[in-house]
Amino acid sequence: MLYYRKFVYQANKRKGALFFPKLTIDSVNVYDVLAMCEQQDYRGLVGYLEQAVQNLVAAGAEVVALTGNTPHIVFDALQDRVSVPMVSIITSVSQRIRQRGLRTVGLIGTGFTMRADFFKKPLREAGINVVIPAEHEITYIADKIHDELEQGIIDLETRDEFIAIIKRMAEEQGIEAIILGCTELPLLFDGISLPVTPLDTVEIHIDALFNALEQ
């Protein structure tokens, strides 16, 4: 819903108030995706997502996006299996960070996104230092995303704890910005000022999608 709303109203801004884009959505089960990641069943995950992409292609989609950060673990393998171009969140975020001249950024998201290397490695290769929280903070963040945010629950105590973690990362690890590497995180911080610049992967990805569509 967040992606859809932001995409639609970004289209309004770019094309005019009377324009709404033609979108086709294939909604997959996030808990199935997370389970396959935890089991390192990447072949199964590629097959699962490929079917969803093929559904979109059959409906006439010319450009496809994965709106979750975690399934980008198989982005390259999936792109090799489908005929339409896909727009990567990770590539989009890397480009935005370099445009802003940032050198050290923090990353929060699902436990898998924080612990695995698929998001961090391309950024490191672009000369960007990527910092993740301490292990006990990773566990806390992952649990809250899984049990609250994925269910649409916005808890003020959780918000305060997340902000405290980001503040500590800024003070102790020198992050200049924080990547909100889970689609639901912008919901938690809506209207809230963070200790460092937030890098909202939803908004960054949507900008990249429009750029791809306009080429």
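Predicted model: local features only at pLDDT ≥ 70, side-chain atom pairs only at ≥ 80, totals over all residues.
How many nonpolar, polar and charged residues does the lining of the largest pocket have?

1. By class, the lining of the largest pocket has 30 nonpolar, 13 polar and 7 charged residues. The volume of this pocket is about 1600 Å³. Its lining takes in 50 residues, and those closest to the centre are Tyr3, Ile25, Ala65, Leu66 and Thr67.

2. At least two lining residues come from each of α1 (2–15), α2 (30–38), α3 (42–58) and α11 (201–214). Helix α1 gives the largest share, with 5 residues.

3. Now turn to strand β1, residues 104–109. This strand is mostly covered, with 6 of its 6 residues buried. In a regular strand, side chains alternate between the two faces of the sheet. In β1 both faces are covered: one side holds Thr104, Gly106 and Ile108, the other Val105, Leu107 and Gly109, and all of these are buried.

4. Strand β1 also has partners you can trace. With β2 (residues 129–131), β1 pairs in the parallel sense through 3 bridges. Look for Gly106, which stands opposite Val131 of β2.

5. Strand β3 (residues 177–181) runs parallel to β1 as well, and 5 bridges join the two.

Key
Residues numbered from 1 in each chain as written. Heavy atoms only, no water. Buried < 20%, exposed > 50% of the residue type's maximum accessible area, 1.4 Å probe, protein only. Helix = DSSP H or I, 4+ residues; strand = E, 2+ residues; numbered from the N terminus. Pairing = 2+ DSSP bridges. 1 Å grid on protein atoms, 1.4 Å probe; cavity = no way out; pocket = protein on both sides within 12 Å on 5 of 7 lines; lining within 4 Å. Points joined across faces, edges and corners; volume = space filled by probe spheres on them. Nonpolar A, V, L, I, M, F, W, Y, C, P; charged D, E, K, R; others polar.
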